[in-house]
Structures are given as structure tokens and as C-alpha cells.
Amino acid sequence: MERVRVAVLISGRGSNLQTLIRAARPDFPAEIVHVVSDTPDAPGLAHGRDAGIPVRVVDRRDHANRAAFEAALESCLREVEAEWVCLAGFMRVLTADFIAAWPDKILNIHPSLLPAFKGLHTHERVLAAGVRFTGCTVHVVRPAVDDGPVIAQAVVPVLPDDTVDVLAARVLEAEHRLYPLALHLVATGKARVMGDRVEINRDLFATSPALFNPGGKGIEGGVGGG
Ligand code: GRF
């Protein structure tokens, strides 16, 4: 089986990186070939090292400006022959020029149901808004922050006593199911970017609707009937 070569970009903890690494067994259609962090002390680097995946730090502070930083990142990704790039808690906004060099090949995960709650401090804002459901989204990266065609989403309930940490943990669990799934869909061509939307293989949607809402489980577990 031909496996697509994926580089994962992180800045911190790297729990989504870890789930991608775990998912990418030999029968998975994507292979994690490199982990890149923009900070030398990102704890997530250890997940790459532990799995025997080459890791590299491309530190913004070692580069005179954003263009030089992105050029270094670009040459690193080309050198390792990455075909797709997964952002997993990567805290830098990439420029339109960088994104244009990887047309429809950069994915990101965001802890909300986009296009709602883009940006930082997502869970605080979800709780303040009083919405009953939130979730997470894997999307194709476009120049605007947390914007781009949606590949997959998972719905997660917001429960009455939720704190930011409790809600974040519930959403993170759904993220860990969603990112490998979304990568599987694009790597196999079952999800294809068509302009501003991602089209999903119709048969797959009919036979496995749960694939597209792997967070749905939490609703049964968290909200009683009656
Ligand atoms: C996740 O919540 C992800 O959605 C957001 O940043 C966080 C990264 O967490 N983009 P981790 O580093 O993968 O644990």
C-alpha cells in the first residue's frame, strides 16, 4: 500500500501528535515521517523521539524574521519529502505564501465546531456563550486563522457543571479520535477538497455516519434521558 508522507508541526504538549503516531501503523494510509517544533522545549517532541521518528526544532528566534523562519520550515519539509502537513497545536500563523506552496495539503485541528469559536481561549468563550454543544474540527488550512474546508467534525456536549478544564478534556478525547480519522479520509481520497468544501465519499457517509461524528458517544454517556 502506498502511504502518504506526513510531517506533523507542534508547539507544545503534542497529544494529538501522539494519537497520529499511534494510528499510523503499517496498514494506515499515512506515515508520520517527521515532527517539527517551533520551540526547543515542546514536551511533544518526546512522542516523536519515543516512536523513533526524526524530530527537528525550527525555532522562530533563530531567524531574523517570519519570512526566514518560514523558508527554513519549508526547506525542512521538502528535505524530508513530506506530502502533507498536519498542524497539531502549532501556535504560529502561517502566511498565505507558505500555505500556497502546499495547496490543500496542510491540515489543522481546532477545538470547536468551526466556523464557531475561532481563535484562542475557545473553551472559555464556549462556556461564556452558554451553548449546549461544542466539539472539534479538522480542516484544510487557508490563510485566515482557523478557516478552511471542513474535513471532519465531532460534537461534544457542554454539561451544566463544566469548567474550562473539564470541557477541554472532553473535547480533547474527541480530538484524539477525529484527527486520525480525518487523515485517513484524505489520505485514501475518501474526502477530497473541491474548492471551499471537502466532499466525502457518499457511500461511506451512508454506511458509517458515526465516522463523521466520533464525539457523539459523549452525549449518551453524559446526558441522562427522561
Ligand atoms: C488542541 O486542543 C488542538 O485542537 C489545538 O491545540 C491543542 C493542542 O493540543 N489546536 P496537543 O498539543 O495536541 O495536546
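Is D196 buried or exposed? I looked this up at the outset, in what is a predicted model. D196 has a relative accessibility of 65% and so counts as exposed.

**Entry: salt bridges**

I then examined several individually.

D104 and R142 pair through their side chains, with an N to O distance of 2.5 Å. I placed D104 in the loop between α4 (96-100) and β5 (106-110), and R142 in the loop between β6 and β7 (150-157); the pair therefore ties together parts that are 38 residues apart in sequence. D104 is partly exposed, at a relative accessible area of 28%.

R142 also forms a salt bridge with D196, at 3.4 Å, N to O. Because D196 lies in the loop between β8 (191-194) and β9 (197-200), this pair ties together parts that are 54 residues apart in sequence.

For R170 and D162, I found the closest N and O atoms of their salt bridge to be 2.7 Å apart. R170 is partly exposed at 21% relative accessibility, whereas D162 is buried at 12%. Shared partners join D104, R142 and D196 into one network of salt bridges.

**Entry: rings**

I searched the whole structure for aromatic pairs and found 0. I did find R78 over the face of W102, 3.8 Å from the ring centre. R92 likewise lies over the face of F69, at 5.7 Å from the ring centre.

**Entry: T134**

I located T134 in strand β6 (residues 133-140). T134 is buried, with a relative accessible area of 2%. Beyond its neighbours within four places in sequence, I noted contacts of T134 with residues including P111, L113, V126, V156 and L167.

Terms used: Residues are numbered from 1 along each chain as its sequence is written. This is a predicted model: local features need pLDDT of at least 70, side-chain atom pairs count only at pLDDT 80 or more; totals for chains, interfaces and linings use all residues. Side-chain values use heavy atoms; hydrogens and water are left out. Helices (H or I, at least four residues) and strands (E, at least two) are DSSP runs, numbered from the N terminus. Buried means under 20% relative accessible area, exposed over 50%, partly exposed in between (1.4 Å probe, protein chains only). Contact means heavy atoms within 4.5 Å. Rings of Phe, Tyr and Trp (its six-membered ring) pair if their centres lie within 6.5 Å; planes under 30 degrees apart count as stacked, over 60 as edge-to-face and the rest as tilted. A charge sits over a ring if NZ of Lys or CZ of Arg is within 6 Å of the ring centre and within 35 degrees of the ring normal. A salt bridge is a side-chain nitrogen of Lys or Arg within 4 Å of a carboxyl oxygen of Asp or Glu.
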